[in-house]
Amino acid sequence: MPIAPLRRRLALAAALAMAALATLPARAEDWRQQYPELRFGISSSENEKDSVARYEPFAAYLSRKLGVPVKITRGTDYAAVVEAMRSNNAEFATFGPASYALARKVMGDRVKPVAVTQEMDGATGYHSVIAVRADSPYHSLQDLKGKSLAYADPNSTSGYAVPLYFMKKNGIDPDSFFSTTAFSGSHELGIIALLNGTFEAAATHWTNAQRGNIQRMEEKGMIPKGSVRIIWTSDLIPNSPWVVRTDLPQELQDAFTEALFAFPKEDPAAQKQLSDGLWSAFVPAKHEDYLDIIAITEMNAAERRRRGS
């Protein structure tokens, strides 16, 4: 081959390679041009003021890490956060396993879990519990026959889906077993309604002796310490997933996931505020971790349809 054409070809190949390399930073910046602000959806069991305050340092960390402002968006209920993800009004979120089941139902694989929190003891799950007033005579589920029960929310895992499933599995039909069942609106409101006498039992979440809805309410002075007693505990439930929309640019999905895993080390003060010092890290999560919860929510929904409710 003549030297001149070969040199021209080599020069052209080198120019093309340089051009490709030059586009890499620009491509990485493309998502920031498309998403000059990011939104993180939460559906906390806490009241709005406390939950948003808890997440603000985390949002500030994400803003620094991702290079664009990150805004915390709190849904009025669990379904609202799922709707925010479905309608592209939130890019990321964390919500309970049953809410994730709802998200997969309405979004399909446009949403995926990327992480869960890991407790100080290495556990990655929690429990549903049914609580009563400490001075009540009730010590088991059977003692609640003919009494009233507060669920938290229709899309709550520990506050509805799991206790409903396990009661039916053990031969208890809540519709006929309890005198009344109703949704309180949140985990905190359920416990408050329990203590003010509106209900005789309430379903909520509990991780261990240090962490759970009841302990947090005691620590915040919302309820007297020792005023509530647990009489039923479920099997282990996988921790709430932290999710991303899969229609986001892959570079953005990766950057968010990497930021989560780096969070405890890079901003320990913000991590301590978010976790109350009760969980230590993020670990990977995947859709398959929630197949049992999805099955439970589908069985519950099928039963409601059968009953016409």
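**Reading the labels**

Guide: Start with helix α9, residues 250-266, which lies across β1, β3 (92-94), β4, β11 and β12. Its direction runs at about 150 degrees to β12. Keep in mind that this is a predicted model.

Visitor: What makes up the sheet under that helix, and in which order do the strands stand?

Guide: The sheet is open and has 6 strands, in the order β2-β1-β3-β11-β4-β12. The pairing is mixed. Edge positions go to β2 (70-74) and β12 (279-284), because each has a single partner strand. One side of each is therefore left without a neighbour in the sheet. From one strand to the next, the twist averages 25 degrees.

Visitor: How do you know that β1 and β2 pair?

Guide: At least two bridges are needed for a pair. Strand β1, residues 38-42, is joined to β2 by 5 bridges, so the two count as paired. They run parallel.

Visitor: Which way do the residues of β11 point, and are they buried or exposed?

Guide: Trp 242 and Val 244 point one way. Val 243 and Arg 245 point the other way. All four are buried, so each has under 20% relative accessible area. In a regular strand the side chains alternate between the two faces of the sheet.

Visitor: Why are α4 and α11 called roughly perpendicular?

Guide: Their axes cross at roughly 75 degrees and come within 9 Å. The label covers 65 to 115 degrees. The crossing angle falls in that range, so α4 and α11 are roughly perpendicular to each other. Helix α11 spans residues 291-307. On the α4 side, Pro 97, Ala 98, Tyr 100 and Ala 101 meet Ile 293, Ile 294 and Thr 297 of α11. Those residues divide into 6 nonpolar, 1 polar and no charged.

Visitor: Which residues of α4 are called buried?

Guide: Pro 97, Ala 98, Ser 99, Tyr 100, Ala 101, Ala 103 and Met 107 are the buried ones. After α4 comes Gly 108, with a positive phi near 65 degrees.

Visitor: Why do α9 and α10 get the label roughly perpendicular?

Guide: They pack at an angle of about 105 degrees, with their axes 6 Å apart. That angle lies within 65 to 115 degrees, so the label holds. From α9, the contact uses Phe 263, Pro 264, Lys 265 and Glu 266. From α10, it uses Pro 268, Ala 270, Gln 271 and Leu 274. The contact divides into 5 nonpolar, 1 polar and 2 charged residues.

Visitor: Why is Gln 33 called exposed, and Asp 276 partly exposed?

Guide: Exposed means over 50% relative accessible area. Gln 33 has 64%, so it is exposed. Asp 276 has 31%, which lies between 20% and 50%, so it is partly exposed. Gln 33 belongs to helix α1, residues 3-34. Asp 276 sits in the loop between α10 and β12. Its phi is near 60 degrees, a positive value in a residue other than glycine.

Visitor: What about Asn 88, buried or partly exposed?

Guide: Asn 88 is partly exposed, because its 34% also lies between 20% and 50%. Its place is the loop between α3 (78-86) and β3. Phi of Asn 88 is near 65 degrees, again positive in a residue other than glycine.

Methods
Residues are numbered from 1 along each chain as its sequence is written. This is a predicted model: local features need pLDDT of at least 70, side-chain atom pairs count only at pLDDT 80 or more; totals for chains, interfaces and linings use all residues. Side-chain values use heavy atoms; hydrogens and water are left out. Axes are lines fitted to C-alpha atoms, for helices over the stretch in contact, and angles run from 0 to 180 degrees between N-to-C directions. Contact means heavy atoms within 4.5 Å. Buried means under 20% relative accessible area, exposed over 50%, partly exposed in between (1.4 Å probe, protein chains only). Angles under 35 degrees count as roughly parallel, over 145 as roughly antiparallel, 65 to 115 as roughly perpendicular and the rest as oblique. Ala, Val, Leu, Ile, Met, Phe, Trp, Tyr, Cys and Pro count as nonpolar, Asp, Glu, Lys and Arg as charged, and the others, Gly among them, as polar.
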